[in-house]
Amino acid sequence: LKPFGVPFAAIHPVCPFADPASAIEYFAGSFAVGEGDPAALDRVLPVFEAIGARTLAFEPSDKRRYHAATIAASNFLNVIDDLALGLAESAGLARDQALELITSLQRAGLAGIEARGPEAALTGPIERADDRACRRIARALACSTPRQAELFATLSRATVELAARKHPDKLDVYAEIDRIFAGLAADRPGV
């Protein structure tokens, strides 16, 4: 449209649409991110506001990175939940109980992240630099699938990095915890 002098805009609703009926419930209050010509945005963003979206005009310097950010925030949560459900079920929890427990924990965690940011809201044995608990957890994952072990190890090591930013005075213990989880994936056949 640009060669024809027509103002254009692209709008990205930032809301999961796996189930359209549910998306209608969740859409109000979600973001609709717009980019393009100001004249076009001035006309189209109010339409999204009228159906309950919070709007944001944004000119990404790298649209691929913006899209990767939304994928990480949304889709990776599903992957983490699948991992957590599998581990909880292998520990003896019924799937419906495990799902309720996990999502309840996540709601509280998300509230903390929203209030304080991911670094300040971080908690758990890695954040506390509890290397003994981390060793026990790594040993317990010996009976998990190679993919579960690899994913858990990767996420644990990323958590170590976040915890080290929060507590730079504990770098020596975090280095040991990183080695524990690095070994978790390395010790697994097929990983």
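Hi everyone, let's start with the surface: the chain exposes about 12500 Å², and carbon and sulfur atoms supply 60% of that area. Accessible areas here come from the Shrake-Rupley method with a 1.4 Å probe, and for residues, only the protein chains shown count as cover.

A quick word on what we are looking at. This is a predicted model, in which local features need pLDDT of at least 70 and side-chain atom pairs count only at pLDDT 80 or more, while totals for chains, interfaces and linings use all residues. Residues are numbered from 1 along each chain as its sequence is written, and side-chain values use heavy atoms, with hydrogens and water left out.

Now the overall form. Along its principal axes, the C-alpha trace spans about 65 × 40 × 35 Å. The radius of gyration of the chain is 21 Å, whereas a compact globule of 191 residues would have one near 16 Å. That radius is taken over C-alpha atoms, and the globule rule is 2.2 Å times the number of residues to the power 0.38. How much of the chain is buried? Buried residues make up 28% of the 191; buried means under 20% relative accessible area, exposed means over 50%, and partly exposed lies in between (1.4 Å probe, protein chains only).

What about contacts? Of those with a separation of 6 or more, 60% are between residues 24 or more positions apart, where contact means heavy atoms within 4.5 Å.

On to the secondary structure. The chain has eight helices and three strands. These are DSSP runs, numbered from the N terminus: helices are H or I with at least four residues, and strands are E with at least two. Read from the N terminus, the order is β-α-β-α-β-α-α-α-α-α-α.

How do the strands pair? Two strands count as paired if DSSP finds at least two bridges between them. Strand β1 (residues 9–14) and strand β2 (residues 31–36) run antiparallel and are joined by six bridges; for instance, A9 stands opposite G36 in β2. Strand β3 (residues 54–57) runs parallel to β2, with four bridges between them. There, V33 has L56 as its bridge partner, and G34 has A57. From β2 the chain crosses through helix α2 (residues 38–50) to β3, in a right-handed β-α-β crossover. Right-handed means that, with the strands pointing away from the viewer, the path from the first strand over the helix to the second runs clockwise.

Next, the interior. A nonpolar core is a set of buried Ala, Val, Leu, Ile, Met, Phe, Trp, Tyr and Cys residues joined through side-chain atoms within 4.5 Å. The largest one has 17 residues, and the members touching the most others are I126, C134, Y174, I177, F181 and L184. Helices α6 (131–140), α7 (146–166) and α8 (171–186) each give two or more residues to this core, and α7 gives the most, with six. Which residues does Y174 touch, not counting those up to four places away in sequence? They are I126, E127, A129, V160, A163, A164 and H167. There is also a second, separate core of five residues, including C15, A32, F48 and A53.

Although A129 is not a glycine, its phi is positive, about 60°. As background, most residues other than glycine have a negative phi. Is A129 buried or exposed? A129 counts as buried because its relative accessibility is 13%.

G29 is found in the loop between α1 (20–27) and β2, and G29 is partly exposed, with a relative accessible area of 34%. Leaving aside neighbours within four places in sequence, G29 is in contact with G52 and R54. C15 is 14 residues from G29 in sequence, and their C-alpha atoms are 9.5 Å apart.

D96 belongs to helix α4 (residues 95–116). With a relative accessible area of 59%, D96 is exposed. Its C-alpha atom is 9.3 Å from that of L85, 11 residues apart along the chain.

Finally, A182 lies in helix α8 and counts as partly exposed, at 28% relative accessibility. The C-alpha atoms of A182 and I11 are separated by 41 Å, and these two residues are 171 apart along the chain.
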